[in-house]
Amino acid sequence: MAKMTKAKAFQAYLPRCHRTYSCIHCRAHLASHDELISKSFQGSQGRAYLFNSVVNVGCGPAEERVLLTGLHAVADIYCENCKTTLGWKYEHAFESSQKYKEGKFIIELAHMIKDNGWE
């Protein structure tokens with residue numbers, strides 16, 4: 001006999017009055033515009049934004065990668081709803097000039113869309 005499970009309430013909803021970024025694949029909220037730090041980042045699939053904090057995002061295990069700005073320990077992040085890989089979280093920067101990235105999140109533009117109040 002199959003066991004029925006209750007649907008998981010996965011989403012944190014950001015206030016409708018704020019400009020938000022959402023997953024382009026399922027429209028789950030990802031970040032508020034207020035959390036945007038920089039638009040000058042490069043992801044593996046093109047341009048990316050750096051955010052101070054995100055919602056509805058899961059995090060994989062950290063691994064060391066050589067990125068454009070040197071060696072970092074990063075963990076891939078994915079949408080909690082549709083499981084699409086969105087970018088990564090900076091866990092550790094090995095160069096002192098890159099320490100400001102620690103604990104911050106990269107989301108690639110290819111995976112997000114602007115929602116709420118951008119007119």
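## Trp 88 and Tyr 90

Trp 88 is buried, and Tyr 90 is buried too. This is a predicted model.

## The Tyr 21 and Tyr 49 pair

How many aromatic pairs does the rule count? The count comes to 4. In one of these pairs, the ring centres of Tyr 21 and Tyr 49 lie 5.9 Å apart, with the planes at 90°, so the pair is edge-to-face. Planes over 60 degrees apart count as edge-to-face.

Where do the two partners sit? Tyr 21 belongs to strand E1 (residues 20–23). Tyr 49 belongs to strand E4 (residues 46–51). The pair therefore ties together parts that are 28 residues apart in sequence.

Buried or exposed? Tyr 21 has a relative accessible area of 2%, so Tyr 21 is buried. Tyr 49 has 6%, so Tyr 49 is buried. Buried means under 20%.

Trp 88 and Tyr 90 also form an aromatic pair. Their rings are 6.3 Å apart, centre to centre. The planes make an angle of 80°, and the pair is edge-to-face.

## An aromatic cluster

Which residues form one aromatic cluster? They are Tyr 21, Tyr 49 and Phe 51.

## A positive surface patch

Arg 19, Lys 39, Arg 47 and Lys 114 form a positive surface patch. One of them, Lys 39, is placed in strand E3 (residues 36–43). Lys 39 has a relative accessible area of 40%, so Lys 39 is partly exposed. Patch residues need over 30% relative accessible area.

Definitions and conventions
Residues numbered from 1 in each chain as written. Predicted model: local features only at pLDDT ≥ 70, side-chain atom pairs only at ≥ 80, totals over all residues. Heavy atoms only, no water. Patch = residues over 30% accessible without salt bridge, like charges linked within 9 Å, V, L, I, M, F, W, Y side chains within 5 Å. Areas by Shrake-Rupley, 256 points an atom, 1.4 Å probe, with all protein chains shown as cover. Salt bridge = Lys/Arg side-chain N within 4 Å of Asp/Glu carboxyl O. Lys, Arg positive; Asp, Glu negative; His and termini not counted. Charge placed at Lys NZ, Arg CZ, Asp CG, Glu CD. Helix = DSSP H or I, 4+ residues; strand = E, 2+ residues; numbered from the N terminus. Buried < 20%, exposed > 50% of the residue type's maximum accessible area, 1.4 Å probe, protein only. Phe/Tyr/Trp six-rings, centres within 6.5 Å; stacked < 30°, edge-to-face > 60°.
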